[in-house]
Amino acid sequence: MSFLLDPSFLSVGMWSIGAGALGAAALALLLANTDLFLSKPQRATLEYLEEIDLKTLEKEPRTFKAKELWEKKGAVIMAVRRPGCFLCREEAADLSSLKPKLDELGVPLYAVVKEQVRTEVKDFQPYFKGEIFLDEKKKFYGPQRRKMMFMGFVRLGVWSNFFRARSGGFSGNLEGEGFILGGVFVVGSGKQGILLEHREKEFGDKVNLVSVLEAAKKIKPQTAAQG
């Protein structure tokens, strides 16, 4: 058993353990950067979205059904993951860049947030050029809520999104819940249906603006006779 005390044997053993640990870490990193373990979104139905309760952000808030947002003219709606997040602010600014074209089409731009923390919504408003409403039950983040926890911080795509937003001059804070993933919807008027549904797969996964505009162009405003 003297070979067990041989320094060369011990060094080889330690090297093997270290190599094994590095291999396991590399494999974990590789898997974390695939979509294999990402939760798959459950698509929403128009019937599901219509019955969501939203609140205005006034001093005396009004509660109403979400279908009011798109019933007459359709709507583009951003489900904000976290107003203080600089990635969310970047996407809000991108969507807001479409507002002149959406105005020409007569399609309103809205956002929903899942909580109202201190001045976070007010501080988010400069980045978003539409009305913002509160979705206390987080229904716009469903039907099956998806979360990205700390795995997000080892995904190369997330880091790429971080650098993109930072280089664009966006900044933020850590206030509020930021793990429940958000998304963007383009909903047609009346019963036309959901024309685009983008579900954030990782932090900073932005919707394609061309797709948003193409979907908005398909919206058929309700006439007085149809209404």
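Trainee: Why is R62 called partly exposed?

Mentor: R62 has a relative accessible area of 41%. Buried means under 20%, exposed means over 50%, and partly exposed lies in between, with a 1.4 Å probe and protein chains only. The value of 41% falls in between, so R62 is partly exposed. Please note that this is a predicted model, in which local features need pLDDT of at least 70 and side-chain atom pairs count only at pLDDT 80 or more, while totals for chains, interfaces and linings use all residues. Residues are numbered from 1 along each chain as its sequence is written, and side-chain values use heavy atoms, with hydrogens and water left out.

Trainee: What makes R62 and E68 a salt bridge?

Mentor: A salt bridge is a side-chain nitrogen of Lys or Arg within 4 Å of a carboxyl oxygen of Asp or Glu. The N to O distance between R62 and E68 is 3.4 Å, which is within that limit. E68 is also partly exposed, at 43% relative accessibility. By this rule the structure has 14 salt bridges.

Trainee: How do you know that E50 and K191 form a salt bridge, and which parts does the pair tie together?

Mentor: The closest N and O atoms of E50 and K191 are 2.9 Å apart, so the pair meets the rule. E50 belongs to helix α2 (residues 46-50), whereas K191 lies in the loop between β6 (183-187) and β7, so the pair ties together parts that are 141 residues apart in sequence. The names come from DSSP runs numbered from the N terminus: helices are H or I with at least four residues, and strands are E with at least two.

Trainee: Are E50 and K191 buried or exposed?

Mentor: E50 is buried, because its relative accessibility is 8%. K191 is exposed, because its relative accessible area is 62%.

Trainee: Why are F86 and F162 called a tilted aromatic pair?

Mentor: Rings of Phe, Tyr and Trp (its six-membered ring) pair if their centres lie within 6.5 Å; planes under 30 degrees apart count as stacked, over 60 as edge-to-face and the rest as tilted. The centres of F86 and F162 are 5.7 Å apart, with 40° between the planes, so the pair is tilted. F86 is in helix α3 (residues 86-96) and F162 in helix α6 (residues 156-167), 76 residues apart. Both F86 and F162 are buried.

Trainee: Why is the pair of W159 and F162 called edge-to-face?

Mentor: The angle between the planes of W159 and F162 is 85°, and the centres are 5.2 Å apart, so the pair is edge-to-face. W159 and F162 are three residues apart in helix α6, which means that about one helical turn separates them. W159 is partly exposed at 38%, whereas F162 is buried at 14%. Ring pairs link F86, W159, F162 and F163 into a cluster.

Trainee: What makes R166 a charge that sits over the ring of F86?

Mentor: The rule asks for NZ of Lys or CZ of Arg within 6 Å of the ring centre and within 35 degrees of the ring normal. The charged end of R166 sits 3.9 Å from the centre of the F86 ring, which is within the distance limit. K114 likewise lies over the face of Y141, at 5.2 Å from the ring centre.

Trainee: How do you know that α3 is mostly covered?

Mentor: Nine of the eleven residues of α3 are buried. Among them are F86, L87 and C88.
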